[in-house]
Amino acid sequence: MDDIQLCNDIMDLKQELQNLVAIPEKEKTKPQKQREDELIQKIHKLVQKRDFLVDDAEVERLREQEEDKEMADFLRIKLKPLDKVTKSPASSRAEKKAEPPPSKPTVAKTGLALIKDCCGATQCNIM
């Protein structure tokens, strides 16, 4: 917003300066010559302010770009181990599903066999 306001102010001052410059030098009064000098100085100051704002915005843009790069590198490093972890359990789960554990009862066993598998005897703590 400051940049837009500065540009508008510069344009207004330039327009006034062009009107004064259009007057031949011999016909200018002393106040007109002073006003011309004042306008040039004001325009110069406003241009310097605008340059500062533009430079500041560029520095901020470069800083944000560097932060984005650092964050991307950080996330890439931190997420790389997760890729390995997520891939490893998937393959081991497939291997586990292929072989059922020996201690788990199967559907084909009878009720008595289930109790023996559960607590190792006919007196089940669960029952």
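Biologist: Which exposed residues does the face of α1 turned away from its buried side carry?

Modeller: This is a predicted model, in which local features need pLDDT of at least 70 and side-chain atom pairs count only at pLDDT 80 or more, while totals for chains, interfaces and linings use all residues. Residues are numbered from 1 along each chain as its sequence is written, and side-chain values use heavy atoms, with hydrogens and water left out. A residue is called buried under 20% relative accessible area, exposed over 50%, and partly exposed in between, using a 1.4 Å probe and protein chains only. On the face of α1 turned away from the buried side, the exposed residues are Met11, Asp12 and Gln18.

Biologist: Within what arc do the buried residues of α1 fall, seen down the axis?

Modeller: The buried residues of α1 are Leu6, Ile10, Leu13, Leu17 and Leu20. Seen down the helix axis, these buried residues line one face of α1, because the arc, taken from the directions from the helix axis to the C-beta atoms, that holds them is 75°.

Biologist: How far apart are the end C-alpha atoms of α1?

Modeller: Helices are DSSP runs of H or I with at least four residues, strands are runs of E with at least two, and both are numbered from the N terminus. The expected span of a helix is 1.5 Å times one less than its number of residues, so the 20 residues of α1, residues 2-21, should span 28 Å. The model agrees with that expectation, since the end C-alpha atoms of α1 are apart by 28 Å.

Biologist: How many helices does the secondary structure of the protein chain come to?

Modeller: Read along the sequence, the protein chain follows the pattern α-α-α. The secondary structure has zero strands, and its helices come to three.

Biologist: Which residue forms a salt bridge with Glu58?

Modeller: Glu58 is partly exposed, with a relative accessible area of 35%. With the closest N and O atoms 2.7 Å apart, the partner is Arg61.

Biologist: Is Lys28 buried or exposed?

Modeller: Lys28 is found in the loop between α1 and α2, and its side chain makes a polar contact with the side chain of Glu36 at 2.4 Å. A polar contact is a pair of N or O atoms within 3.5 Å; within protein, one must be able to donate a hydrogen and the other to accept it, and residues adjacent in sequence count only if both atoms are side-chain atoms. Because its relative accessible area is 9%, Lys28 counts as buried.

Biologist: What separates the C-alpha atoms of Val54 and Asp3?

Modeller: Val54 has its place in helix α2, and with a relative accessible area of 39% it is partly exposed. Val54 and Asp3 are 51 residues apart along the chain, and their C-alpha atoms are separated by 8.1 Å.

Biologist: In which helix is confidence lowest?

Modeller: The pLDDT is the predictor's confidence in each residue, from 0 to 100, and the protein chain averages 77, with 63% of the residues scoring at least 70. Where pLDDT is low, the predicted coordinates should not be read in detail. Confidence is highest in α1, at a mean of 91, whereas the lowest mean, 47, belongs to residues 111-119, which form helix α3.

Technical notes: Salt bridge = Lys/Arg side-chain N within 4 Å of Asp/Glu carboxyl O.
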